[in-house]
Amino acid sequence: MNSPIILLAVISTLIGAAGATFLKKGSNNFSIKPAQLIKNYYLIAGMALYVLASLIFISALKIGEISAVYPLTSLSYIWVSIISFKFLKEKSTPSKLAGIGLIIAGVVLMTLT
Amino acid sequence: MNDNAKSLMLVVCCTLFTAAGQIFYKLSSYTYELNVFKLITNWQLLLGLLFYFIGGLLLVSALKLGDLSKIYPFISLTFIWVFILGIVIFKDTFSAVKVVGTLSIIAGVAFIGGR
């Protein structure tokens, strides 16, 4: 797998993880009333970041095979875990660390295809 | 049907929609250009975004009914669908490295979501 794909996937997943964090914040005081929805800036920012992440990811899909490139989206689980450990005071259990390790191993294997 | 079962069904539907969204993204990449007009008229891209969005709504609905830790492992079904569809639709190469890598990622996601 060539390096532009990996770089694009890393950037895309970082932006996607930021989007997920904003969406989470936006879901806290969620109201479906249009007047409230429009003012839910976290929700709007989250969705915008997701769209941006998708557009960048498609650039990677253009170059590589989908079954090799799509699994790289799992990197976002790692970024979200790091965000929750550092900023949301969540515990880094052995199980979660093992999960991160397995994802990294899997991603490395994908880059070898 | 109890809430947990409903929740799992919603997650499975979510994974199907997400996988379909990714297929449309791949299809959109053939005519993909970083030009605003070209992007908003790229129907495969628009469909992909729509399917992804629906997948997201299904996931939110699933989370309202069930525990995140029970649902998390099933989100990995998307990896399996995309793997199969990649081979069937786009004639992707099939290799042991890809299978092991995908399985490792699926296991990793399950561990991250668990307690």
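**Reading the two-chain predicted model**

Chain A exposes about 6,100 Å², and carbon and sulfur atoms supply 72% of that area. The model is predicted.

Student: What makes chain A a chain of helices and zero strands?

Tutor: Six helices and zero strands are found in chain A, and along the sequence the pattern reads α-α-α-α-α-α. A helix requires an H or I run of at least four residues.

Student: How many helices and strands has chain B?

Tutor: Chain B has six helices and zero strands, running α-α-α-α-α-α from the N terminus. The C-alpha trace of chain B spans about 45 × 35 × 20 Å along its principal axes, and the C-alpha atoms of chain A fill a box of roughly 50 × 35 × 15 Å.

Student: What share of the residues in chain A is called buried, and why?

Tutor: The term applies to a residue with under 20% relative accessible area, and 41% of the 113 residues in chain A are therefore below that cut-off. In chain B, buried residues make up 41% of 115.

Student: Why is the pair Glu65(A) and Lys98(B) called a salt bridge?

Tutor: The rule asks for a side-chain nitrogen of Lys or Arg within 4 Å of a carboxyl oxygen of Asp or Glu. The closest N and O atoms of Glu65(A) and Lys98(B) are 2.5 Å apart, so the pair qualifies. Across the interface of chain A and chain B, the rule finds one salt bridge. There are also twelve residue pairs in polar contact across this interface.

Student: Which helix supplies the largest share of the side of chain A that touches chain B?

Tutor: H6(A) does, with twelve residues. The residues on that side divide into 20 nonpolar, eleven polar and three charged.

Student: What is the area that chain A and chain B bury between them?

Tutor: About 3,000 Å² is buried between chain A and chain B, 72% of it on carbon and sulfur atoms. Ile66(A), Tyr70(A) and Tyr77(A) supply 22% of the area that chain A buries against chain B, more than any other three residues. The buried area is summed over both parts, so the 3,000 Å² includes the losses of chain A and of chain B. The contact takes 34 residues from chain A and 39 residues from chain B.

Note on methods
Residues numbered from 1 in each chain as written. Chains lettered and ligands numbered in written order. Predicted model: local features only at pLDDT ≥ 70, side-chain atom pairs only at ≥ 80, totals over all residues. Heavy atoms only, no water. Helix = DSSP H or I, 4+ residues; strand = E, 2+ residues; numbered from the N terminus. Buried < 20%, exposed > 50% of the residue type's maximum accessible area, 1.4 Å probe, protein only. Areas by Shrake-Rupley, 256 points an atom, 1.4 Å probe, with all protein chains shown as cover. Contact = heavy atoms within 4.5 Å. Buried area = accessible area lost by both parts, 1.4 Å probe. Polar contact = N/O pair within 3.5 Å; in protein donor to acceptor, adjacent residues only side chain to side chain. Nonpolar A, V, L, I, M, F, W, Y, C, P; charged D, E, K, R; others polar.
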